[in-house]
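Here are a few notes to read alongside the structure. Have a look at it first, then work through the points.

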Amino acid sequence: MSFQDKVIYQIYPKSFYDSNGDGIGDLRGIIQKIPYIAKLNIDMIWFNPFFVSPQNDNGYDIADYYKVDPTFGTMADFEELAAKLKEHHISIMLDMVLNHTSTAHEWFQKALAGDKKYQAFYYIRDPKPNGDLPTNWESKFGGPAWAKFGNTGKYYLHLYDPTQADLDWHNPEVRQELFKVINFWRAKGVQGFRFDVINVTGKGTELVDAPANVASKTLYTDTPIVQDYLKEMNRASFGKDPDAITVGEMSSTSIPNSVQYTLPANHELTMVFTFHHLKVDYANGEKWTKTPFDFMKLKEILTEWQLGMAKGGGWNALFWNNHDQPRAINRFGDPVHYRAKSAEMLATTMHLLRGTPYIYMGEEIGMSDPDYQSMNDYVDIECKNAYKELLSAGKTPAEAFEIVKTKSRDNSRTPMQWDSSEYAGFSKHKPWLMPTNQAEVNVADELAHGEIFTYYQKLISLRKTQPIISVGDFKPLLETDRQVFAYLRKYKDQTLVVLNNFYGESTSVQLPSDLSAHTGKILISNYHEQPIFSQEITLKPYQSIAFLLNH
Ligand SMILES: O=P(O)(O)OC[C@H]1O[C@H](O[C@H]2O[C@H](CO)[C@@H](O)[C@H](O)[C@H]2O)[C@H](O)[C@@H](O)[C@@H]1O
């Protein structure tokens, strides 16, 4: 299986389909919906964690890597799910959260009980001689990155929630235990692995303060030892399977590092998730702000990553949405006036780039952020902490709420909208997170008379039939245009011209004469009325067109 023509679908199990009426999605619910997923003709499904967990960070706080959390089902359900997906030629990607465990994990509990072997699994440190915390590092979810280690007087490191204790990867026993986890799931037929925040596993043995005005994450992100760990993990587990597909979630990484992580000769990972393009609506680099997206910055970042990764021989994961991101249609499209057209334009932009596209559940029907009216509607720990910090920083409750509403991770975690009923056809019980706009957007209506789903089907089938999309080179086009993201793909004697209008007004572009001298046929477009290929091309609001040129 070559990976370049594959498309991966992401399912957040808690929100996909609830088969047992408890308001929480489950594995049997996913089994019931396989016929729907199979219609897209995707190749692999990435499942967010469904392992035993107290769910303080929605499953990214794992207490047992070897068991399915009873909320989601049983191991027999997982095995049935895997077998049924296989019948549809769909393989499974599991989420491996190996940077930290839940503090409820037996390793942490043994460490707390005084077992030295397991204390060496974590970063447990004395306070500074003056009683200060071991370092000045901050947790990604707000507050300090250290919490009291029982009543020992010591502290343990948690880069995320206090219930997510960082594992010390320097300890070979830790690595062996983690590789065993991967192999356990491989033995169950799993061929895909997504490694959560894997590039922060290379903390030093001596942990030191970040200098003033330097973010603590720069001290432990992308350190060279991460590559040694990845090589070792590859050799010890998935590297034995020529068909394995792996993706590292790389927090705040760089192009040179991402090339190294994904260069085939390095035997580390297949591809990486990077987030720079999704920070173009952060004012001054701060997530908890509300500001319109910077289109020129977005183009520049996507272009840089396309060129840089290709030049180095690396491979990108392509995505707009995931379970940590507000819906892209709210950020870069227009779900009110142009839901279908802007959803399709965003899909075209991503799917025709060089890399592996990921579709986050609901994106294929144009799902958008919920319209919550109160902080009580939100569940996610990150946005709840951010709200408090915004208030402490002087924002009014209304201002803080507006920011949370734009940036909360819950925006993408609302239940899949299967129909227009009270709970969106997701459950018979009140869901753990409420849907708000199922009357306007739902699978039943979309399949009956929508256009977004069929457009995704076309994009997926093009990747499988057109090598220019799966393996062609990327070249930027019309770089200074302030409304259109345009690019070329090139393969053998073919050229693909891709034009995407990111705004709700029509616009015209002038193509360079060396291109317009050719004849071109439309490979895909999201409007019925289609322009002839010529030097000047007018694009309607949120229009995307890809012309295949004959040389
Ligand atoms: O924003 P970055 O520094 O580039 O980091 C990328 C994402 O990292 C974190 O996400 C993942 O780890 C978390 C802890 O296990 C988990 O809560 C999350 O669901 C994972 O996907 C971070 O939480 C995200 O906000 C960042 O986008």
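1. A pocket here is an open set of points on a 1 Å grid over the protein atoms alone, where a 1.4 Å probe fits, with protein on both sides within 12 Å along at least five of seven lines. A molecule sits in one if more than half of its atoms lie within 2 Å of its grid points. With that in mind, the space taken by the ligand is the largest pocket.

2. Some ground rules: this is a predicted model, where local features need pLDDT of at least 70, side-chain atom pairs count only at pLDDT 80 or more, and totals for chains, interfaces and linings use all residues. Residues are numbered from 1 along each chain as its sequence is written, and side-chain values use heavy atoms, with hydrogens and water left out.

3. Now the polar contacts (N or O atom pairs within 3.5 Å). Oxygen atoms of the ligand lie 2.9 Å from a polar side-chain atom of Arg409, 3.0 Å from a polar backbone atom of Ser252 and 3.2 Å from a polar side-chain atom of Glu249. The protein buries 97% of the 550 Å² that the ligand exposes when taken alone (Shrake-Rupley, 1.4 Å probe).

Technical notes
Polar contact = N/O pair within 3.5 Å; in protein donor to acceptor, adjacent residues only side chain to side chain. 1 Å grid on protein atoms, 1.4 Å probe; cavity = no way out; pocket = protein on both sides within 12 Å on 5 of 7 lines; lining within 4 Å.
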